[in-house]
Amino acid sequence: MKNALFVLHNSADTRSSEFATLAAIATSIGNAGYSSDLLILDTTGSSSVNVKHGSAFRNVTAVAPDKAVGDGADYLVHIVGKAASAAVSLVVGFGTISNRNWAPQVAASFSAEFVTACELIEVADNALRVTGPVMGAMVQKTLSLGDRNAVVLYSGENLAAPEGTDIVVEVSREPAEQGAVRFVASEALPDSGGIPLRGASKVISGGLGIGSGEKWRLIEEFAAKVNAAVGASRAAVEMGWVPSSRQVGFSGQKVSPDVYVAVGISGAVHHLAGIGGAKKIVAINKDPEASIFKIADVGIVGDYEQIVAAAMRKL
Ligand SMILES: Cc1cc2nc3c(=O)[nH]c(=O)nc-3n(C[C@H](O)[C@H](O)[C@H](O)COP(=O)(O)OP(=O)(O)OC[C@H]3O[C@@H](n4cnc5c(N)ncnc54)[C@H](O)[C@@H]3O)c2cc1C
């Protein structure tokens, strides 16, 4: 029997589909001989967590740092590293920005393979296989893990909940300063709230074409008006207009909404890697030659400020 450790940030935004997806993976890899524990980093400030489908795991623990640790990445390097050193051969988390901070460090600490943006975790011939995009999402790579240790960040579809009951676990407060790791409050922008990207049925994303942080508010107003989640290209995130938790793409989140609206986004391959699951893509861009129009179902050429303002007036 091998041990797997699943890691989940529990915040006010956490959806039951996230619990269900991890529980489904844990149940399926049980067929490859893995026994799974769930480690929750709780950032809600509550004294307990209601863990959906918690009985799919052998043990569930919830921890919270005893003081602010930014997005918790440094804290998780320590906490997950400690747990993983206890004979864990597989660590699984979602492919979020903060997970991408601790995961490679934890992988290095126990000589594990690191697989990011994994879209499929499956059991074949009693062995675990993981599949995800590489080379800017131009090809899919499948890795048979065999006896190798691995840290895998999952960015695939939500999975159906397995049989299993909910459980309530108490949150234990762990000191934020331990060992060699120093914890510094992150300067990352906090998430602006609103509908979370993961699992959203409508997403309105903005890119560098929005032009400024001031103008970014138009994207937020537009999204709020149509009950959509706000998304962003990496260029918009790098400008500091929007938190990295909203980044869509190869190194951001994969989304599969019914409608994805790309505003002032050129359609670089790294951005498209995040929207392959969208059922309808609407693109607004002032450049008629922009690559985004090649994959858009509806393309609108023009200045986004006028187009979005006109759309909002009609809604
Ligand atoms: C390893 C790696 C990983 C990456 N991961 C990601 C990722 O996860 N997500 C991601 O998005 N990118 C990612 N990138 C970056 C990616 O390659 C692009 O640089 C980025 O997506 C470009 O963002 P953009 O479309 O907002 O900006 P630009 O390419 O600069 O496009 C801006 C667009 O706005 C349009 N525009 C300008 N003004 C207006 C206006 N007034 N009205 C309408 N349209 C207007 C322009 O015509 C242009 O098409 C990654 C890159 C690398 C190397």
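## A tour of the fold

In this protein chain, residues 24 or more positions apart make up 67% of the contacts with a separation of 6 or more, where a contact means heavy atoms within 4.5 Å. The model is predicted, so local features need pLDDT of at least 70 and side-chain atom pairs count only at pLDDT 80 or more, while totals for chains, interfaces and linings use all residues. Residues are numbered from 1 along each chain as its sequence is written, and side-chain values use heavy atoms, with hydrogens and water left out.

Let's start with the whole chain. It has eight helices and 16 strands; these are DSSP runs numbered from the N terminus, with at least four residues (H or I) for a helix and at least two (E) for a strand. Of the 315 residues, 49% count as buried, meaning under 20% relative accessible area with a 1.4 Å probe, protein chains only.

Strands of a sheet pair through backbone hydrogen bonds, either parallel or antiparallel.

| Strands | Bridges | Direction |
|---|---|---|
| strand 4 (residues 59–65) and strand 11 (residues 167–174) | four bridges | parallel |
| strand 7 (residues 120–124) and strand 8 (residues 127–134) | five bridges | antiparallel |
| strand 8 and strand 9 (residues 139–144) | six bridges | antiparallel |

Ala-62 has Val-171 in strand 11 as its bridge partner, and Glu-122 has Arg-129 in strand 8. Strands 7 and 8 form a hairpin with two residues between them, and Asp-125 in the turn has a positive phi of about 50°. Pro-133 sits opposite Gln-140 in strand 9.

What about the helices? The axes of helix 4 (residues 213–225) and helix 8 (residues 304–314) come within 11 Å and cross at roughly 30°; axes are lines fitted to C-alpha atoms, for helices over the stretch in contact, with angles from 0 to 180 degrees between N-to-C directions. The two helices are therefore roughly parallel, a label for angles under 35 degrees. Among the residues that meet here are Leu-218 and Phe-222 in helix 4, and Val-308 and Met-312 in helix 8.

Technical notes:
Buried means under 20% relative accessible area, exposed over 50%, partly exposed in between (1.4 Å probe, protein chains only). Two strands pair if DSSP finds at least two bridges between them. Angles under 35 degrees count as roughly parallel, over 145 as roughly antiparallel, 65 to 115 as roughly perpendicular and the rest as oblique.
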